[in-house]
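Take the sequence and the model together. We will go through the strands, then a helix, then a second sheet.

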Amino acid sequence: MIVLEHFFYPSKEKKEFILSKTIEHVLRIIKFDYEKSNIQINTKILNDKKINGYKGEYIQTVIAILHNSKDAFILNGIKDRRIDICIDNMLTIEDNAGGIDDKLIDRIFEPYFTTKYKNKGTGTGLYMAKMIIENSMNGTLSVEQKKRWNKIQNYNLNGDKMSKNYSILYAEDNKDVRENYVLYLENYFDYIYEANDGLEAFDIYRDKKPNVLLLDINMPNMNGLELAKKIRENDSNIPIVILSAHSDKEFLFEAIKLNLVEYLTKPVDRNKFKSVLENSIKKVKENAPNNQFIHFAKTTYWDCSKRLFFHKNKMIDLTRNERILFELLLNNKNEIINPNENFKVCMGQ
């Protein structure tokens, strides 16, 4: 096999490479084999990307994913075989190979797990692909179903999907505008919390503790600047970005005092917005504590900076009070906690 023989020999130095050129190289490698198997591969480039990483390992990862689709076509007896590859600041690979059993989809990246017959696969291909992308290149490799389509996405850190489960709170009272921005934000953040007004946004901020705030200045109940001021009373580090249709000096003067990442006037330039989001993530990293993760087992841990609990590397959704209680216990290890004190803390008293 072309793909797996060098998985355990990674390049020693990261280098910058162009995503589209790399995919062209992959397609040249597999061209004859896939034409012979009657697999049509379509490519679409919307926004190309430079990636700083291990090009050889990235190529092997893409080939592993494509071979997984090829095997699925054969095993499922699919005649009309199609793979769509899209580059839009990230790489998305889709196929019509029949999808994956919902009971198995969460396990496909486990070592030695395979949906193939025992003599047809070792179960190491996608596992090693995920290890390379997430451990070596600090990106994310994920899979999801799309009707009968088996969709595998690979987002690279040097591209636009920020890894490490970063979150953002976006407050905007116009639903249509908010939905359009959310579609773009999904390229950068794993968790996006939406709010219709300032008061709702403040409640979500206290409950979820997002990493970044994106606030429209004109909102009912509490505008973006008022919300930012309120949050800054107790949180001087969280990156805040304000969106506004105003370039009025009075607004700008108030914004300066809030230590914002940026005050953006609408319409927002896409490249400028991209840069602001990347700078916001950079600030999150700079502010992260050295002991960011508290591990209870190899794949069970608490992320201190994001206040998220993970078991088997999957986020467990805790309620606001559960998170507060969990942090209280973590901060008072080997101590007896007064139940009345627990109640007061959870109720915000």
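In what sense do β4 and strand β5 (residues 91–95) pair, and over how many bridges? The sense is antiparallel, and β4 and β5 pair over 5 bridges. This is a predicted model, so treat each value below as computed from it.

Strand β2 (residues 39–47) runs parallel to β4 (residues 81–88), and 8 bridges join them. Look at N42 here: its bridge partner in β4 is D84.

Step back to the whole chain for a moment. The protein has 10 helices and 16 strands. It has 349 residues, and buried ones make up 45% of them. Take the contacts between residues at least 6 apart in sequence: 62% of these join residues at least 24 apart.

Now turn to a sheet of 5 strands. The sheet is open, its order is β9-β8-β10-β11-β12, and the pairing is parallel. β9 (191–195) and β12 stand at the edges. Each has a single partner strand, so one side of each is left without a neighbour in the sheet. On average, neighbouring strands of this sheet are turned by 15° against each other, direction ignored. β8 and β9 pair in the parallel sense over 5 bridges. Within that pairing, Y170 has E194 in β9 as its bridge partner.

Helix α6 (residues 224–232) lies across β10 and β11, and runs at about 150° to β10. α8 lies across β8, β10, β11 and β12. Its direction is at about 160° to β12.

Helix α8 covers residues 270–287, which is 18 residues. At 1.5 Å a residue, α8 should span 26 Å. The end C-alpha atoms of α8 are 26 Å apart, which agrees with that expectation. At the start of α8, a side-chain oxygen of D269 reaches to within 3.2 Å of the backbone nitrogen of N271.

Which residues of α8 are buried? They are F273, K274, V276, L277, S280, I281 and V284. These residues cover an arc of only 165° around the axis, which puts them on the same side of α8. On the other side of α8, N271, K282 and E286 are exposed. What covers the buried residues of α8? The cover includes the strands β8 (167–171), β10 (212–216), β11 (240–244) and β12 (262–265), together with the helix α4 (175–185).

One more sheet remains to be visited. It is open, with 4 strands in the order β13-β14-β15-β16 and antiparallel pairing. Its edge strands are β13 (293–297) and β16 (314–316), and each pairs on one side only. Neighbouring strands of this sheet are turned by 30° against each other on average, direction ignored. Inside the sheet, strand β14 (residues 300–303) and strand β15 (residues 308–311) run antiparallel, joined by 4 bridges. Find W302 and look across: F309 in β15 stands opposite.

Notes
Residues numbered from 1 in each chain as written. Predicted model: local features only at pLDDT ≥ 70, side-chain atom pairs only at ≥ 80, totals over all residues. Heavy atoms only, no water. Pairing = 2+ DSSP bridges. Helix = DSSP H or I, 4+ residues; strand = E, 2+ residues; numbered from the N terminus. Axes fitted to C-alpha atoms, helices over the stretch in contact; angles between N-to-C directions. Expected span 1.5 Å × (residues − 1). Buried < 20%, exposed > 50% of the residue type's maximum accessible area, 1.4 Å probe, protein only. Arc of directions from axis to C-beta. Contact = heavy atoms within 4.5 Å. Polar contact = N/O pair within 3.5 Å; in protein donor to acceptor, adjacent residues only side chain to side chain.
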